[in-house]
Number of protein chains: 2
Amino acid sequence: MTQARAALTHTIQAVNAQGEVQTMSIPCERALTIYLDKVEIVTLMTLGAYPEWLVLGYLRNQRLLAKAEDLESITVDWSGGEHGAGVAAVKTKMTRLQRQVHADADADSLGHPQPSITITSGCGQGSLYSHLFEELQQMTLPPGSIDRNEVFEIVNTARTQDSTYKSAGSVHACALFNGTQALMSVEDVGRHNAIDTLAGWLWMNPQWTAQPHFRPIFYTTGRLTSEMILKSAQLSVPIIISRSGITQMGLELAQNLDLCCLGRALHQSFLCYSATHRLVMPLGLPSSDKP
Amino acid sequence: MTQARAALTHTIQAVNAQGEVQTMSIPCERALTIYLDKVEIVTLMTLGAYPEWLVLGYLRNQRLLAKAEDLESITVDWSGGEHGAGVAAVKTKMTRLQRQVHADADADSLGHPQPSITITSGCGQGSLYSHLFEELQQMTLPPGSIDRNEVFEIVNTARTQDSTYKSAGSVHACALFNGTQALMSVEDVGRHNAIDTLAGWLWMNPQWTAQPHFRPIFYTTGRLTSEMILKSAQLSVPIIISRSGITQMGLELAQNLDLCCLGRALHQSFLCYSATHRLVMPLGLPSSDKP
């Protein structure tokens, strides 16, 4: 696996409302085309901080790669095209026949002769196979709860890690915590790229999921739409904290999955939208048996 | 064309950081599956304010429908599935053969035997055919400029029109102006849905584009990524105002297209990122001949 981290910000000049020229940073945005065993899959627009993990997490979340062991190599090269466009060449251990059988079985078992792509309201690579939606609604997430003060601590930690956001704005951040310990933090121009990058990172770091006391918690600056909930569930993470709010479909899914969504999380304040039994309040405050 | 406007907000209860139950609104989010002459095309996640214009604009921006005259009818029905999922049935005047010839010609002329879908960092139906990218870089946008005070006036007008945002948050808004006159304003869970809805509306209201003094200006709450710039250019709109910032690829495209991008536009302040000759400053202030 290469480590083809690209420059994340770009210095520009803009004219302000007083007619003055200001120098500032904006986030980079690059096209990254993924080839899976030489077959072109998709082009993602990304900041380019951790392209290999992004590619791996994308293939994982799109069910194009069933397990980390099937991967042979990921090679990212940013020198290919104009505007810093990149190419990610993914080699797997699967033969073309195996992959076809895998894809057919996946489609057959759900009665879809061809997978139909759903393009969602999410920022970023907003495509998930719609049958995944039905499948995940039946899954059971692991137990796990969060204390009110832990929410405050995670929000505070996440806030101090948004480095590209601070210097250039216009990016989403996403972080994976074990309890209140930040394991990995990612920013990207699309919030789905950010969570996919975490998914790829987690696949390559199985020592965390193997721990008996692993308590995964996601933090995201993005909205809690249905697709964010699905991606979190796919990674068996039962608690998400967001700086933004929730949509109706995100809420319904979270309720069905018993996934705890905490939104509008800022300094010392938040709203718990679902699975409130996972939120532990200090003694003396109302116990959150509703909603 | 139906007018199947759905409910836009949904009342829920959430627990706050003090353990108190609060009643509030969240935006609705529905799956809308588009069938073009009985062929399933895509499922969009949408707020559902103007589904017919959204469908029309989506088909237009994806180049699946070449001109408004090819359309026979759009029928949206929200009563179909669970969770308020909807179906949009689009009937065209094209025969299957005509559509195939059209699609083949489009692909052939650009040397792509099959169109490759690019999924971008944008919120929403982030897919555009990558050849469109190359094609649009060669187009010339119409002349058109904007006065500093007009920017302030448009930002102020747009701010007062975000009705779902005010009551429920978590949506993006988009509006089309003729000079400082608001023609049409849309909110959606995805900012690309919002701009596609405007595109559909504009197609059905050709009296505006036919006006000799039509001065189209877009306002969006979303970031100015490459895809937003492309969609604006496809509609021949040479000026975009955004509450958010710009990404590097968005900026490069805007510079190539001579499209004026005004970002971080809040009360009495903004940054002009590109085509500054289109921004007219009051006398006595520096003329914006840079960048």
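In this predicted model, strand E1 (residues 9-16) of chain A and strand E15 (residues 269-272) of chain B run antiparallel and are joined by two bridges. This pairing belongs to an open sheet of eight strands with mixed pairing, to which both chains contribute.

- Where strand E1 of chain A meets strand E15 of chain B, Asn16(A) stands opposite Leu271(B).
- In general, the strands of a sheet pair through backbone hydrogen bonds, in either a parallel or an antiparallel manner.

**Make-up of chain A**

- Chain A contains nine helices and 16 strands.
- Chain A has 291 residues, of which 48% count as buried.
- Of the contacts in chain A between residues at least 6 apart in sequence, 53% join residues at least 24 apart.

**Trp53(A) and its contacts**

- Trp53(A) is located in helix H1 (residues 51-61) of chain A.
- Trp53(A) has 24 C-beta neighbours inside 10 Å and therefore counts as buried, because the threshold for that class is 20 or more.
- Leaving aside residues up to four places away in sequence, Trp53(A) touches Thr197(A), Gly200(A), Trp201(A) and Met204(A).
- One of these contacts, Thr197(A), is 144 residues from Trp53(A) along the chain, yet their C-alpha atoms are separated by 4.9 Å.

**Val280(B) and its contacts**

- Val280(B) forms part of strand E16 (residues 279-280) of chain B.
- With 14 C-beta neighbours inside 10 Å, Val280(B) counts as partly exposed, because this number falls between the limits of 12 or fewer for exposed and 20 or more for buried.
- When residues up to four places away in sequence are not counted, Val280(B) touches Ser145(B), Ile146(B), Asp147(B) and Arg148(B).
- Val280(B) and Met249(B) are 31 residues apart in sequence, and the distance between their C-alpha atoms is 25 Å.

Terms used:
Residues are numbered from 1 along each chain as its sequence is written. Chains are lettered from A and ligands numbered from 1 in the order in which they are written. This is a predicted model: local features need pLDDT of at least 70, side-chain atom pairs count only at pLDDT 80 or more; totals for chains, interfaces and linings use all residues. Helices (H or I, at least four residues) and strands (E, at least two) are DSSP runs, numbered from the N terminus. Two residues are in contact if their C-beta atoms, placed from the backbone, lie within 7 Å. Two strands pair if DSSP finds at least two bridges between them.
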